[in-house]
Structures are given as C-alpha cells and as structure tokens.
Amino acid sequence: MEYFINCNTSTLAAYNAPLDQLRASHLYRRLGFSASVDTINQAVGQNAGTLVDALVDEALNMAPLPAPAWADWTNANYPEDDDVRRQLRNQQRTEFGLDYANGLLNNNLRDRLSFFWSNHFVTELDVYNCNSFLYYYVNCLQRNAIGNFRTFTSEIGLTSAMLYYLDGVFNNGNNPNENYARELYELFTLGEGNGYTEEDVIETAKALTGYVERGEVGCTQVTFRADRHDAGPKTILGQTGNWGYDDVINILFQQRPNEIAEFVCRKLYEFFVHPDSKDEANNAQTIIDGMAATFLANDFEIAPVLRQLFISEHFFDDEAIGVIIKSPFDFYFNTLKETSFAYTDATVLEMANYSRLLSQELFDPVDVAGWQRDRSWINTNFIIGRWLTIESILEAFYQADNEQFRSLGLAISGNVGLTSNNPDEVSRLIIDFMLPKGLLDEGEYQKAYAIFRSDVEDVYYEGGNQESWTLATWPAAPFQVYLLLQYLARQPEFQLK
C-alpha cells in the first residue's frame, strides 16, 4: 500500500465552511469509530466548531464503566479448583472486554481516547494477570482520557496494573528497579533521550521505591510502605531532595514542560491527523507547536488542545483525509457503524477476536512501546486476513437479513436511490460514502460499477422500460449492494480513514 507523504500546509485557523459529507465522515472516523449514515447526514451543513464542542463536551461528561462485582476481588475470592478458577477469570474478562468494546462503538471521542491512551500508558493483561487490576487501569484511562495530563500521568503510575507491568512492585530501597523510571521519561512524557540523563533514571528509580508487591493471597492492590522507600537525597532533573513519587511528577512537569507538551502533542497529531509529522515539506511542526502552546497555557488540560485541533483548517484539509491506515478495530467497527447493520454481542466479540488475530488484542498491546500503528497493520498475511474476515462478516449480515443491504443503499443514496434508473449513479454514492476519498480514478469506478450491476441486463436501466431498475424496487438490489461492499472491502482505499 502506498504510504502518504504529508503535504498539508493548512493552519490552525478555524475551518468555517459548513461541513460536507466528506468532512463530516472524516470527523467521525477520527474522533470515534465512525458513525451511521443518519448521523453523518445530520452533521452535513453544521459548523465544525459547534459539532466538535458537542463531541468534546460529551467526552468530558461521560461516566466511566461501572465497577463490576469482581472489581475488588483478590485470589481469595476465586474457587480453589484450577479449572473452575480459570474459567471464571476468563468469563469476567470476556464480559468486561465486551462492555469496553461496546464503549468503543458508542462513546465517540471518550473511548477513542481511552483506547489511544492504552497504547501510550501501556500495560499488558497477560503480564499482570489480575482482573481487578484491569478494571482499575481501564477506569483510570476513562476518567483521565480528556482530563489533565499531569494528573493522568500521576494516577496511571500508581495503578496496580502499571506497577506490576513495569516492575514498580519490585523496586525497593535496597535494590532499585529502573524499569518504570525509564519508561516514564522515554515513553510517557519526554521521548527517548530527550531532556533526561541515565543518572536521572537511576535517581528517579530510587524516588519511586516503596510500592510493594502482593502477598501470598495474590491480586491484592499494591500499597506504599515507607520502610521499603529510599529515604536518602536524590538529584532529579537538577533538583535535589528526599524525593518520593509525587515529587517526581511535580519536578518532571515543572522542569520539562516544553518537552512534555511537544512530545504529547506530536503523538496526538500523528494519531488524529497524519502519521508523518517530521517532513519539512508540510506544516506539521507549526501545528504541533501551536498545540503545545495551548497545552501549556491550559496547564496540561487535554480538551483545549483537541478543540483547537479538531476545528482547524489543518484537520479538515484534503491532505488529512484518508491518509491513516485503519487499525483492525477501525476496520471492523467502522464498517459496523457505517452500515448500521443489526448486530449482537456475539458480533462484537467476533470482531474483537478477528482484531486479535490481526495483532491488535484488547488490553494487550504487543510490548511496552505499544502498537506501532499505520503501516504495521498491513502486510501480506494481515491484508488477506482482513479480506477473508470481512467477507465472512458481510455474508453473515446478508444471510441474517438481506433487506438491510437495500436499506443501507437507500440511506446513502436518498432520493437518487428511490428514483434513478442508473445503477452507476447509485453505486457511485455508496462508494463515496464507504471510502474516505472514493476510488483512485474513473477506471476503478468502472470496475466497481460492473460489480454492482451484477446480472442486471442493460435494458432494465436504459429508461422507458416498464420494469426499469431502481434500488428501491429491484428484487435483487440487496444482493447488488452486498456484492459491492464485498468488492470495496478488498480495495486499498477501504483500508484507510
């Protein structure tokens, strides 16, 4: 697949034109996992600022997932029998994963962000292996997803999931473990080698000591013990004192605010706008600088930065549309949202499982650096996996209720679908809705038109025939839409958002 060079030269000035279908779809594909035809149609003609404010406010006011009954369970709460215990743990994880996946589908920006941050403040469930730790980790992600980044950094580092994943529970005054200190700087706030030294890592590790591992019961929340803490003086980023955990966070944000702002805003830019942020031919650095200034002016609040970015001419520029490769979750969930096909929890679990097969497992990024996204989602095996799985999913939808394919076509094409005798005209509208920027050229459209026409003979749509073809009335029209979607799902353009 061609990798898009970032040629976007637009600025952070507000985009003031009424949203068209192309840009309304773009907004929902980036701020959530896309949206239904009806939602997109309602957005068309709106002001970007009004719509973005509503989506940001929705995210700010959204409550996290309610605590499951097992949120505070330790190993003592589980059955003694190994097989029964394992089965119960897996059932809890499946149910909680389903609740979270439904949030990805329905919660727009809040859980788009919580999922993004899970790939920034990375933990892996198969490493810490406690369901109670998973709940509190996800709760932290959701509560802080669009809150204050300093608070977020502080809270996530004290979750038991993180303390286990990065060996914080094995970091004590007698034998410091540098793992978390290193990742705090390298992956979470500053970037590799940017604004800190190896000595800073060593001294920070000492300041982070005292959070002790679970006892014999297992899966008990991590607690602080002063007798395990290094009480001696440490020098961190040029500041000397008897520092502890809170001091580390305060010193970091006081001494390296510019570096943190630039690092985090670049990551947000590459996730929401374009994966290429360092080519001098584009305006990315200027945009990131503007975002960072807003971040600093608002004391590391995330929401003002996103409001600024999402209403900008830069975000809505043609060069920003259809240039990010869909993650596996995007690939399946966007299709589900855009078609509005009837689905069950089993469908969502199936899509999550397919995503796992394509290397994006919920709650289990590949390593501490997270999924590398974009081009890493596409190789020979993964693209074939996409084709085969989406083919199976669409076939199941068709077998369950083929008329929902006609309904989708009519929702997209509107009056044209009701009245036009030209299948090419109708299929063009479906193609341009399902693909972020349509197909590459007219020759590719002609191939898709031929698929959509299927076995409809020319005489039926040349006009004047009593049985003239229309999407609304033709008996085989659902099958035509089904064939077109199967074809589009294999196209390079369908892999983009």
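Reader: Which residues line the largest cavity?

Author: The largest cavity is lined by G157, L158, L163, L166, G168, N171, N177, Y180, L208, Y211 and Y245. A cavity here is a set of points, on a 1 Å grid over the protein atoms alone, where a 1.4 Å probe fits but cannot get out, and lining residues have an atom within 4 Å of a point. Please keep in mind that this is a predicted model, in which local features need pLDDT of at least 70 and side-chain atom pairs count only at pLDDT 80 or more, while totals for chains, interfaces and linings use all residues. Residues are numbered from 1 along each chain as its sequence is written, and side-chain values use heavy atoms, with hydrogens and water left out.

Reader: And how much space lies in the largest cavity?

Author: About 70 Å³, where a volume is the space filled by probe spheres set on the grid points, which are joined across faces, edges and corners. The count comes to 3 cavities of 30 Å³ or more.

Reader: Switching topic, which cysteines does a disulfide join?

Author: C130 and C219 are joined, with an S to S distance of 2.0 Å, and the search of the whole structure finds 1 disulfide (a pair of cysteine sulfur atoms within 2.5 Å). The torsion about their S-S bond is about -90°, so the disulfide is left-handed.

Reader: Where do C130 and C219 lie?

Author: C130 is in the loop between α6 (125–128) and α7 (131–144), and C219 is in the loop between β1 (211–212) and β2 (223–224), so the pair ties together parts that are 89 residues apart in sequence. Helices (H or I, at least four residues) and strands (E, at least two) are DSSP runs numbered from the N terminus.

Reader: Are C130 and C219 buried or exposed?

Author: Both C130 and C219 are buried, meaning under 20% relative accessible area with a 1.4 Å probe and protein chains only.

Notes:
Buried < 20%, exposed > 50% of the residue type's maximum accessible area, 1.4 Å probe, protein only. 1 Å grid on protein atoms, 1.4 Å probe; cavity = no way out; pocket = protein on both sides within 12 Å on 5 of 7 lines; lining within 4 Å.
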